[in-house]
Amino acid sequence: YAYLDKLNPTASEVVYSFPLGLNGNHDAYNSLGKGIAVDSSGTAYVVGATNSDFPTVNALQPVFGGGEYDGFVSKVFYAITTTQLTSSRNPSISGQWVTFTATVSSPSGGTPTGIVSFYQGSDPSQGVKKKLLIGGVARWGTKTLSVGTDVVTARYGLSRDLLGDSNFSGSTSAPLSQVVLPATAISLSSS
């Protein structure tokens with residue numbers, strides 16, 4: 001099987017990525033993509049050949065017909081999503097619990113499901129916290145932020161390792177600058 005990947009217009013981020021030719025049990029089919037076209041609305045059409053029961057919806061021929069290969073045409077459409085990221089308190093004080101909330105929504109309607117990954121810092125491979133999206137919302141809490149400004153982002157379904165929803169494209173929140181102030185000590189004295 002092959003992966004179908006869509007990049008944003010600047011090719012700096014994956015919009016969606018999924019294996020073409022997997023069934024619900026994630027078994028690979030011997031399917032070959034031969035061509036792709038994209039219409040003005042962003043819907044992709046993939047043509048190819050398969051020699052197994054390719055996963056279908058409303059197919060003219062829903063099962064492998066025998067012979068060497070059957071041809072297929074797949075229509076691939078994902079509703080656009082946006083990911084908003086908020087902090088329970090900003091600024092916060094060192095050692096204070098802070099909850100980051102990612103809300104994933106789509107102007108097309110419906111509620112995205114899957115996983116949101118929270119990234120802490122400028123290196124996306126560092127500090128990844130994966131959280132389940134429930135009702136379009138995922139949360140991650142911590143009390144171990146360092147004093148200073150920490151950048152946090154949330155990403156929904158943007159690569160093969162970030163599980164999204166088969167009906168929705170991935171999205172990334174704007175970076176959130178979390179300010180963490182030092183804890184101050186209060187001393188009491190009596191005279």
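Strand S7 (residues 92-93) pairs with S14 in the parallel sense, over two bridges; strands here are DSSP E runs of at least two residues, numbered from the N terminus, and two strands count as paired if DSSP finds at least two bridges between them. Within this pairing, serine 92 stands opposite valine 180 in S14.

Before I continue, a word on the model. It is predicted, so local features need pLDDT of at least 70 and side-chain atom pairs count only at pLDDT 80 or more, while totals for chains, interfaces and linings use all residues. Residues are numbered from 1 along each chain as its sequence is written, and side-chain values use heavy atoms, with hydrogens and water left out.

I return to S14. Strand S12 (residues 148-156) pairs with S14 in the antiparallel sense over five bridges. There, aspartate 150 stands opposite glutamine 178. S14 has two faces: Leu176, Gln178 and Val180 form the covered one, whereas Ser177, Val179 and Leu181 form the uncovered one.

Is glutamine 178 buried or exposed? Its relative accessibility is 0%, and therefore glutamine 178 counts as buried; buried means under 20% relative accessible area, exposed over 50%, and partly exposed in between, with a 1.4 Å probe and protein chains only. Leaving aside neighbours within four places in sequence, the contacts of glutamine 178 include Arg89, Asn90, Val98, Phe100 and Leu145, where contact means heavy atoms within 4.5 Å. Serine 87 is also in contact with glutamine 178, and a polar contact of 2.7 Å joins the two side chains. A polar contact is a pair of N or O atoms within 3.5 Å; within protein, one must be able to donate a hydrogen and the other to accept it, and residues adjacent in sequence count only if both atoms are side-chain atoms. Threonine 86 is 92 residues from glutamine 178 in sequence, yet the C-alpha to C-alpha separation is 9.7 Å.

Why is S8 (residues 98-105) described as largely enclosed by the rest of the structure? Because six of its eight residues are buried. S8 pairs in the antiparallel sense with strand S6 (residues 82-87) over six bridges, and glutamine 84 has threonine 103 in S8 as its bridge partner. Strand S11 (residues 137-142) also runs antiparallel to S8, joined by six bridges. Phenylalanine 100 has tryptophan 140 in S11 as its bridge partner.

Methods: Helices (H or I, at least four residues) and strands (E, at least two) are DSSP runs, numbered from the N terminus.
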